[in-house]
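I note each item as I checked it.

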Amino acid sequence: MDFKEASKLGSCLSKDYAEDMFRLLVNYESISASEAASRLNIHIKTTQDFLEDLCSLEIINKEEVYEGKRPYFRYKLKASKISMVIDLTTLNLKEEISDSRLKIRIREMKNAKARFTTSRSSDYISNVVIWMGEGRNRTERKINLSIPQGRFLFYLPFPTAEPICISDIIKLAGIENTHVPEIVDIVQVLTGFGVIEKR
C-alpha cells in the first residue's frame, strides 16, 4: 500500500460513522448507498463517497443493478480483514541518487528572496527564511536545517562565485555519505523556491 492509498484508508477509518458503516457491510449480503445513508442517518453523497473510496481500495465490490429502468449500485464486502502495510523503503532517495546527479553544479541564486541564518558557532547555517509574494501580501517560509544540511549550505557558493558540483560541496563540508539523501532533499527544496541555481 502506498501513502496515497494509506491516506485514503486512514481518512475512511477516521469517520465517526465508519464502524457503523462496516457493521452494515459485514451483516448485509449487499447494501445500496441510499439504504446505508437512511439506516445511519447521514447524507447520501457522504455515503456514496465513503463506499466509492472503499471500492477503490478493493475492500468492497459494487454491482450495478436495476430497479425498473433506473440503475443503481449495490455494495458487498470483499475483505473480512483490513491490514495497512506501508513500504517506507519506496521513499528512500538513495535509490534515486546517481553520480551524475551529484555532479550538478550549484550556487546561491542572484537576488534570491532568502536569508541564511548562521548558527551560534558560526560554522553552519541553522535555517533559511524565504520571502514569498510582494508588499503586504508577502509571507515568510522558515526552513530549519539539520546540521549536515547546514554545513552543506555554509559552503554553498555565493551568486557571484563559480558554481560547484554537489559532491564537491559535500566533501568541503566534511559530510558523511549517510547524509547525502537529506542534502539532495534540501537542494531540491531550495531550487524549487528559487534560492539555489543549478548550472
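For what follows I take contact to mean heavy atoms within 4.5 Å. The model I am reading is a predicted one, and I keep that in mind throughout.

Entry 1, Ile 97. Leaving aside residues up to four places away in sequence, I listed what Ile 97 touches, and the list reads Leu 102, Val 180, Pro 181 and Val 184. I also looked up the pair Ile 97 and Ile 186, which are 89 residues apart in sequence and 13 Å apart in space, C-alpha to C-alpha.

I went through helix α2 (residues 18-27) and noted its buried residues, which are Ala 18, Met 21, Phe 22, Leu 24 and Leu 25. Looking down the axis of α2, I see that these buried residues fall within an arc of 155°, so they line one face of the helix. The general rule I have in mind here is that an α-helix has 3.6 residues a turn, so residues three or four places apart point the same way. On the face of α2 turned away from its buried side I noted the exposed residues Glu 19, Val 26 and Asn 27. What covers the buried residues of α2 includes α1 (3-13), β1 (31-32), α3, α4, β2 (60-67) and β3 (70-77).

For α3 I wrote down Ala 33, Ala 36, Ala 37 and Leu 40 as the buried residues. Seen down the axis of α3, they fall within an arc of 100°, so they too line one face of their helix. The face of α3 turned away from its buried side carries Ser 38 and Arg 39, which are exposed, while the buried residues of α3 pack against α2, β1, α4 and β3. Following α3 I came to Asn 41, whose phi is positive, near 60°.

The axes of α2 and α3 come within 11 Å and cross at roughly 130°, which makes α2 oblique to α3. I recorded the crossing of α2 past α3 as right-handed. The contact is made by Asp 20, Met 21 and Leu 24 of α2 together with Ala 36, Arg 39 and Leu 40 of α3, and by class these are four nonpolar, no polar and two charged residues.

I noted a right-handed crossing of α3 past α4. On the α3 side the contact is made by Ala 33, Ser 34, Ala 36 and Ala 37, and on the α4 side by Ile 44, Thr 47, Gln 48 and Leu 51. I sorted the residues of this contact into five nonpolar, three polar and no charged.

I located Asn 127 in strand β6 (residues 125-132), where Asn 127 counts as buried because its relative accessibility is 9%. Not counting residues up to four places away in sequence, Asn 127 touches Arg 115, Phe 116, Thr 117, Lys 142, Ile 143, Asn 144 and Leu 145.

Note on methods
Residues numbered from 1 in each chain as written. Predicted model: local features only at pLDDT ≥ 70, side-chain atom pairs only at ≥ 80, totals over all residues. Heavy atoms only, no water. Left-handed = near helix turned anticlockwise from the far one by under 90°. Helix = DSSP H or I, 4+ residues; strand = E, 2+ residues; numbered from the N terminus. Nonpolar A, V, L, I, M, F, W, Y, C, P; charged D, E, K, R; others polar. Buried < 20%, exposed > 50% of the residue type's maximum accessible area, 1.4 Å probe, protein only. Arc of directions from axis to C-beta. Axes fitted to C-alpha atoms, helices over the stretch in contact; angles between N-to-C directions. Parallel < 35°, antiparallel > 145°, perpendicular 65-115°, else oblique.
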